[in-house]
Amino acid sequence: MQSQILPSRAALVDRIALQFEYGQNLIVLLGTSGLGKSYMLETFITDKYNDFNKAFVQVSAQMTDAQLMSDLLEQSFNSPLVDHNLSLPENYYQLLEQQQCGPCLWVLDGGRQLSEEILIELELLSKNSPNTLYIIIASQSKLALNDAVEIYLEPLTLRESKMLLQWYFTDLPYDEDPVFSTFLAEAHGNPSLLLAWQPSEHIADIIVKDKVSWRLHLLILMLLIMLLIIGLLYKSDMTQWWQQYYQQEEAQVLNTAISVEQVSEPVIKQNESVVTLNDPEVVEPDIEPDIEPESVHINDVPAIMQSLTEPANTVKVLDNAIDNSVKNKSSEAGEVVSKALKVEKVNTAEQTQISQDNIWYMQQADTNSVIQLLAVTQQEVRDNFIAQFNLQQQAHSYQTKRNNQIWWVVTFGSFESINEAKSAMDTLPPEVRKNKPFYKKISKIKQEIAVVDQ
């Protein structure tokens with residue numbers, strides 16, 4: 001155990017251990033900032049369950065779900081191989097099959113930084129773990145957990161506040177000292193505020209800093225005034241510049257204009273002499289229009305339609321030729337081509353089914369959940385599984401890639417909440433539930449489908 005712990009905190013440590021002994025595997029320790037939640041967690045993991053494999057993680061806002069999963073598994077197992085494409089329960093089950101780690105104790109400090117998805121995975125893992133797994137989470141506010149036991153960390157009493165100060169300060173004032181008694185009353189049993197006591201000055205080192213300094217406001221005001229003055233000084237110069245610009249534009253327009261006289265009498269230049277077309281003695285020369293054949297665009301609609309239908313007609317002719325060759329048994333080439341076309345038709349039907357299932361997944365909301373029933377590398381096993389349990393109506397499947405290998409994943413239903421998914425889990429056949437199906441977010445499935453597209 002740690003060197004010093006207050007009596008109320010020691011009793012709370014024993015109470016948490018007693019809750020685990022009663023069969024509750026997930027506990028949330030709630031309390032405001034500064035009450036000593038981290039100190040209690042360190043005491044608990046040091047003093048209790050010495051024969052367990054222990055993992056302590058300080059959760060921060062920058063920590064991702066993948067980093068949290070790696071930290072928990074690496075502290076619980078011996079050199080584990082963590083697959084970041086799998087969820088926390090999936091990795092935990094696989095590692096249990098590879099090595100027996102014994103009972104585990106997970107302590108997470110900073111629970112409000114945990115995502116909703118990792119909270120669901122921790123709750124499912126605490127209920128369905130094959131071995132003993134105790135999880136305790138410290139948080140400043142309530143978490144989105146349904147089956148967890150919540151234990152509140154209360155402030156220290158006046159007697160324990162004085163006891164805490166006596167541990168850290170040897171020369172304390174008398175209880176009748178007005179400054180000291182006021183300090184104890186205003187601390188409200190918060191250990192972080194109590195330990196801010198300054199014995200030399202008899203004041204608490206509690207400094208409330210301004211969020212924004214007045215110097216910053218003054219600097220911004222001066223910059224705005226300078227910009228306003230500069231705008232007023234250059235206002236006249238900018239106006240003159242715009243006027244000159246518009247005058248130049250009007251001059252360019254006038255220079256490009258053509259007078260009426262220039263276009264009233266059309267002329268023809270011939271042998272470097274100018275002759276008017278109104279002269280009756282002039283014979284108008286034969287002028288052939290210079291038109292390039294390539295510049296003429298003809299919208300030949302019948303030709304375009306014929307070009308589009310030629311592949312279809314070719315396929316029909318090929319099918320007729322193959323059928324005739326097979327019927328007459330004239331050559332082995334007809335049989336080979338016929339088998340190839342049949343295989344192509346089967347593959348086309350499979351691709352159509354996959355596309356329909358992928359479209360169905362993409363149409364679901366990211367917050368919905370499904371029940372994953374099976375994940376195999378052989379399509380035939382997936383088809384036999386769906387047919388055996390008559391899951392054609394409510395089951396869907398998709399392809400994903402793990403370790404450069406295609407996997408077939410079968411899911412059941414689409415549910416807006418975990419309670420609906422739990423109710424649907426009870427309706428599954430017992431043979432299906434033996435495979436330990438679990439819940440998965442639609443957003444996670446969309447990411448796995450995108451892996452195959454890449």
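User: Is W197 buried or exposed here?
Analyst: In this predicted model, W197 counts as buried, at a relative accessibility of 2%.

User: And F183, buried or exposed?
Analyst: F183 is buried, and its relative accessible area is 9%.

User: Back to ring pairs in general, how many aromatic pairs are there?
Analyst: The count comes to 14 aromatic pairs. One of them joins F52 and Y134, whose ring centres lie 5.6 Å apart with the planes at 25°, and since planes under 30 degrees apart count as stacked, the pair is stacked.

User: Where do F52 and Y134 lie?
Analyst: F52 lies in the loop between α2 (37–47) and β2 (53–58), while Y134 belongs to strand β4 (residues 133–139), so the pair ties together parts that are 82 residues apart in sequence. F52 is buried, with a relative accessible area of 14%, and Y134 counts as buried at 10% relative accessibility.

User: Which residues do ring pairs link into a cluster?
Analyst: Ring pairs link F20, F44, Y49, F52 and Y134 into a cluster.

User: Now charges, which charged ends sit over a ring?
Analyst: The charged end of R402 sits over the ring of W407, at 5.8 Å from the ring centre, and the charged end of K436 sits over the ring of Y93, at 5.9 Å from the centre of that ring.

User: What covers them?
Analyst: The elements covering the buried residues of α4 include α3 (65–76), β3 (104–109), α5 (116–128), β4, β10 (369–376) and β13 (438–441).

User: Which residues touch the most other members of the largest nonpolar core?
Analyst: That core has 32 residues, of which Y92, W106 and L108 touch the most other members. At least two residues of this core come from each of β1 (26–30), β2, α3, α4, β3, α5 and β4, and α4 gives the most, with 5 residues.

User: What does L108 touch?
Analyst: Leaving aside residues up to four places away in sequence, L108 touches L41, V57, V59, L68, L72, L114, L122, I135, I136, I137 and A138. A second, separate core has 23 residues, including I120, A395, L428 and Y439.

User: Changing topic, how much space lies in the largest pocket?
Analyst: About 580 Å³ of space lies in the largest pocket. Its lining is made up of 20 residues, and of these E90, Y93, Q94, E97 and F438 lie nearest the centre of the pocket.

User: Which elements give two or more residues to that lining?
Analyst: They are α4, β10 and β12 (405–415), and α4 gives the most to the lining of the largest pocket, with 5 residues.

User: So where does Y93 turn up overall?
Analyst: Y93 is one of the buried residues of α4, has the charged end of K436 sitting over its ring, and is among the lining residues that lie nearest the centre of the largest pocket.

How values were computed: Residues are numbered from 1 along each chain as its sequence is written. This is a predicted model: local features need pLDDT of at least 70, side-chain atom pairs count only at pLDDT 80 or more; totals for chains, interfaces and linings use all residues. Side-chain values use heavy atoms; hydrogens and water are left out. Rings of Phe, Tyr and Trp (its six-membered ring) pair if their centres lie within 6.5 Å; planes under 30 degrees apart count as stacked, over 60 as edge-to-face and the rest as tilted. Helices (H or I, at least four residues) and strands (E, at least two) are DSSP runs, numbered from the N terminus. Buried means under 20% relative accessible area, exposed over 50%, partly exposed in between (1.4 Å probe, protein chains only). A charge sits over a ring if NZ of Lys or CZ of Arg is within 6 Å of the ring centre and within 35 degrees of the ring normal. Contact means heavy atoms within 4.5 Å. A nonpolar core is a set of buried Ala, Val, Leu, Ile, Met, Phe, Trp, Tyr and Cys residues joined through side-chain atoms within 4.5 Å. On a 1 Å grid over the protein atoms alone, a cavity is a set of points where a 1.4 Å probe fits but cannot get out, and a pocket is an open set with protein on both sides within 12 Å along at least five of seven lines; lining residues have an atom within 4 Å of a point. Grid points are joined across faces, edges and corners, and a volume is the space filled by probe spheres set on the points.
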